Amino acid sequence: MSSRPLILLSNDDGMNAAGLLALASALRRIGELFVVAPEHEQSASSHRITLSGPLRHQELGDNMHAVDGTPADCVYVALHLKGLLPRRPDVVVSGINHGPNLGMDVIYSGTVAAAREASLRGLRAMAISAERGADLAAVAEHGAGLVQRLLSLETPLSAPVLLNVNYPKTPPRGVLATRLGRRDYVDVVEARVDPRGRSYYWIGGPASAHDGAEGVDTTAVDQGYVSVTPLALEMTNAQQLGFAERVAGHEELKES
Ligand code: MN
């Protein structure tokens, strides 16, 4: 790459999150950085976009922008609002998320969704998350190195590259390419009563132990490695096309 790469950074923990600020300072050393991030925390917002209300935008100086929407909103606005970015970014980074995004977390994660939104537009993207307790400055430094390597490589022509990166809480033993593992949570609904006498529910329990399968992200991070998982956007289950044909049946629809 001849000139400094243009990097767009977002997250789901909000504009003032320590993980975002650490990653921003590391990425500023390797490229021209723009931050467009949610004004407030949006963890587990998945890929929601705001279609039924306004999005307010605050320019904070130093190429930092806060949008009062979701992570996917932020990337959408950054990529499509005329004049916000000087050109199409070379890479879109999301994170550092406070807490890992392993296994099926990628479905719920706003961090991953910000990167996925860029990937849907054909851009290279990387989501970075770290276990709580990780040294964020060290993760940011190492993560910026991975971003640099992603920028230096010729990407496959088949599909955009969307990488989900997770750091262990301890200093990493190495970096492994992985598949998504299995992450189970204790599924609970707590029913309580508020001070006004109305009942409310609080959902979601802690993650339970991982199954320890080989070659997956959960095991890599449990064993102290940085995990790099390539995610696909194509969600067709090609193995079940035959089954779908049976569900579709054989009758021809009559034209009315
Ligand atoms: Mn988060």
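Predicted model: local features only at pLDDT ≥ 70, side-chain atom pairs only at ≥ 80, totals over all residues.

**Stop 1: the metal site**

Select the manganese ion. Which residues coordinate the manganese ion? Show Asp12, Asp13, Ser43 and Asn97. The donor atoms are OD of Asp12 and of Asp13, OG of Ser43 and OD1 of Asn97, at 2.1 to 2.3 Å. Along the chain, these donors follow the spacing D-D-x29-S-x53-N. Now trace the backbone around two of them. Ser43 sits in the loop between strand S2 (32-38) and strand S3 (57-61), while Asn97 belongs to strand S5 (residues 91-98), so this pair ties together parts that are 54 residues apart in sequence.

Ser43 is partly exposed, at 33% relative accessible area. Asn97 is buried, at 7%.

**Stop 2: Asp90**

Go to the loop between helix H2 (71-80) and S5, and pick Asp90. Is Asp90 buried or exposed? Asp90 counts as buried because its relative accessible area is 18%, and the cut-off for buried is under 20%. Next, look at what its side chain meets. A polar atom of the Asp90 side chain lies 2.7 Å from the backbone nitrogen of Leu6. The Asp90 side chain also makes a polar contact of 3.1 Å with the side chain of Arg87.

**Stop 3: a nonpolar patch**

Select Met104, Ile107 and Tyr108. Together they make a nonpolar surface patch of about 340 Å². Zoom in on Ile107, in helix H3 (residues 105-108). Ile107 is partly exposed, at 48% relative accessibility.

How values were computed
Residues numbered from 1 in each chain as written. Heavy atoms only, no water. Patch = residues over 30% accessible without salt bridge, like charges linked within 9 Å, V, L, I, M, F, W, Y side chains within 5 Å. Areas by Shrake-Rupley, 256 points an atom, 1.4 Å probe, with all protein chains shown as cover. Salt bridge = Lys/Arg side-chain N within 4 Å of Asp/Glu carboxyl O. Helix = DSSP H or I, 4+ residues; strand = E, 2+ residues; numbered from the N terminus. Buried < 20%, exposed > 50% of the residue type's maximum accessible area, 1.4 Å probe, protein only. Donors = N, O, S within 2.8 Å, 3.2 Å for Na, K, Ca; no water. Polar contact = N/O pair within 3.5 Å; in protein donor to acceptor, adjacent residues only side chain to side chain.
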